[in-house]
Amino acid sequence: MNRLNVRWREFVIETLIRLSGFSAILFVVLVFLFLLKEGAPTFWQISPGNLFGQRWYPNEGLFGTWPLILGSLLVTAGAVVIALPLGLATAVFIRELAPDWLREILKPLIEVLAGIPSVVLGFLGMVAVAPLVRQVLNVPTGLTAFTGALMLAYMSLPTIISVAEDAIDAVPKSYRDGALALGATHWQTIWRVVLPAARSGVIIAVMLGIGRAIGETMAVMMVTGNAARVPHEWNALFLPVRTMTATIAAEMGEVAQGSTHYHVLFAVGILLFVVTFLINAATSVVIIRSGERRGGRLMG
Amino acid sequence: MVNLALAWAEAYGRLHPEVQIAVTGGGSGTGIAALINGTVDMANASRPIKAEERAQAEANGIVPVEHVVAGDAIAIVVHPSNPVHGLTIPQLAAIFSGKITNWRQVGGEDRPVVLLSRESNSGTHVFFLEEVVRQGRKDDKTLFSPDTLLMPSSEGISAEVRQNPNAIGYDGLGYVTPDQKVLAVASAEGQPYVLPTVETVKDGSYPIARELYIYTAGEPQGAIREYLDWIVGPEGQAIVRELGFVPLR
C-alpha cells in the first residue's frame, strides 16, 4: 500500500472520529436550542409574578414554579445528606478495611445496585417504604420528600461509592506509609491523611450524585406525593413535595401543543437542563484542576 | 376511559377482524384535541366538550357529535378502619379544599386528613373539582388544597388508601378495589346518604355521577356507525358493566 493511500485512510479515520466527537456537542446544543424555542414563549406569555408565584395549578392559569423548584432542591439535598456519609463510609471500608475476598464480592454487588430500574425502586418505595415512614416517624402520610430522598440516596449510592473509592485508591501509598511511620493509628491515617488527600475526588462524587438525583423522575413521582406546596416549615422534609421532573412527566403527555402550559413545562425543562449542565461543568472543572495539581492524575 | 375503549376494541375486533381499531390513551383533552386536528375518528371523553374546543373544531371544518356511551360514578374511598360512613357534598368540598384538616371535625378519630387525588389533567380530577369541590357552582373559584397528593395513577391512590388510616381519596367506581372502604354521599345536610352502585347511578340518587361520551366528526357513517351501535348495544354495555362502569340501561 503506497504512502498516499495510507495518508488518505488516516485522514478519513481522523475526520470520522473528529465528527463523532463534535456530534456529541452538536446534539447537546440542538437539544438546548429546541428547549429554548419551545420554552421561550413562557417569558412573554406569563407575568414573572405568576411564574414565580407559590401556587402551581395550570388548569386555572396558575404557573407558580416555586413549589416545584424548592421541591426538587429539598429532595436532592436530602438525598446527598443521606448518601454522602453512607457512600463515603462504604468506600473507605472497601478500600481500607475490607479483606481482599470481601472486596471482590462487594464491588460487583454495588454495580448490581446501580442496575435496578428506578421505576422498580419507586414502586418498592410506594408500597413498602412509605407505610414504614408513616408508622415510624408518625407523620400523616409516608409520601414525603424524605421518602423520595431515601430512594434517591439509594440510587446515587453506587456512583458516589465508585468515584470515592477511586479517589481513595489514588492516594499515594507513601502518604499512608508516612502517617503510620509517624505513629498514627489506622483510623487516624484514614481520617486525617487519606480522606483530605482524596478531597477533590469526594467532591466529584458528591456532584455526580447531585446530578443523578436532581434528574430522577419515576421514583420521585411515585413516592413524594406530588403535592405542589412550598416547603416552608422546619419539618418540610417529612411532608409531601412535587419535583420539577415529576411535573413534566405527569403533565407533558396531555398538554395541548403550543399552549401556555406546554411552554411553561419546557421552561421548567430548560431550568433542569441548565442546573444539570452547571453541575457537570463544575465537576469537570474540579476534575481538571485536581489533575493539574497532582501532575496528571484524573481523580484524587 | 382507555380501559373501556381497549376492552371494546378487543371484543369488537374478535367479531369483526376486518375492522382495524387503534386505541391510544392520553385523557379527554388529548382525544378531543386529536378530533379537532382530524387525526382520529372517535374521541372518548369523560367530560363534555368545552365551548372553546367546539369552536376550534368548527373553525377546522369539523362538527363534533356527542354520543353518551356509559355512566360513571366517582366513589369516595377511605381506609377500612375509618369510622366515618358518609359525608355530604359541602363537607367533601371543605375537606378537599383544605378547610377541614382533621377527621374529628367530621365525626371521625383525631387524625390529620391526607387528601389523595388524580393528576390535574385527568377528566376525573376536573369533574371532581367542578361537581364536588366547587359544589357544581359555575362561578366558584375554589381550588383543591395545595397539600393534595396528586397520584400518577389509580393504583397510587389505592396503595395509599389501603394502608393509611388518615387518607381520603376519590376515583371512578371501576377503579375501587375491595380493600378500600367506600363512603356514602349525601348531596346536602338532611339528604339521604347513598352508596355508589350501578342502580343508584342509574336512578340518579347518587350525587357524584357523570356520563361518558364518544365524540365523532360529524354524524358517524359506515364502520364507525356500526361500531358505535355495537357499543351502545347489549354486548358493548355488558363490557361496561364488567369493567365497573354503569351501563346505559
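Chain B is built from nine helices and nine strands. Keep in mind as you look around that this is a predicted model.

**The overall build of chain B**

How big a box do the C-alpha atoms of chain B fill? Roughly 60 × 35 × 30 Å, if you go along the principal axes. Now take the contacts in chain B between residues at least 6 apart in sequence: 68% of them join residues at least 24 apart.

**Zooming in on β9 of chain B**

Let's pick one strand and follow it. Strand β9 of chain B covers residues 209-217. Is it mostly covered or mostly open? Mostly covered, with seven of its nine residues buried.

Which strands does β9(B) pair with? Here are two partners, β1(B) and β2(B), side by side:

| Partner of β9(B) | Residues | Sense | Bridges |
|---|---|---|---|
| β1(B) | 42-45 | antiparallel | four |
| β2(B) | 64-78 | antiparallel | nine |

Start at B:Asn44, whose bridge partner in β9(B) is B:Ile214. Then look for B:Ala73, which stands opposite B:Ala209 of β9(B). While you're there, a handy rule: in a regular strand, side chains alternate between the two faces of the sheet.

**Where the two chains touch**

Chain A and chain B meet in a contact that takes 25 residues from chain A and 25 residues from chain B. On the chain A side, three helices each supply at least two residues: α6 (118-137), α11 (218-223) and α12 (244-251). Which of them gives the largest share? That's α6(A), with four residues. As for the kinds of residue on this side of chain A, there are 14 nonpolar, five polar and six charged.

The mean pLDDT of chain A is 88, and 96% of its residues reach 70 or more. One stretch to watch is residues 296-300 of chain A, where pLDDT stays under 50. The model still gives this stretch 20 contacts beyond four places in sequence.

Terms used. Residues are numbered from 1 along each chain as its sequence is written. Chains are lettered from A and ligands numbered from 1 in the order in which they are written. This is a predicted model: local features need pLDDT of at least 70, side-chain atom pairs count only at pLDDT 80 or more; totals for chains, interfaces and linings use all residues. Two residues are in contact if their C-beta atoms, placed from the backbone, lie within 7 Å. Ala, Val, Leu, Ile, Met, Phe, Trp, Tyr, Cys and Pro count as nonpolar, Asp, Glu, Lys and Arg as charged, and the others, Gly among them, as polar. pLDDT is the predictor's confidence in each residue, from 0 to 100. A residue is buried if 20 or more other C-beta atoms lie within 10 Å of its own, exposed if 12 or fewer, and partly exposed in between; C-beta atoms are placed from the backbone. Two strands pair if DSSP finds at least two bridges between them.
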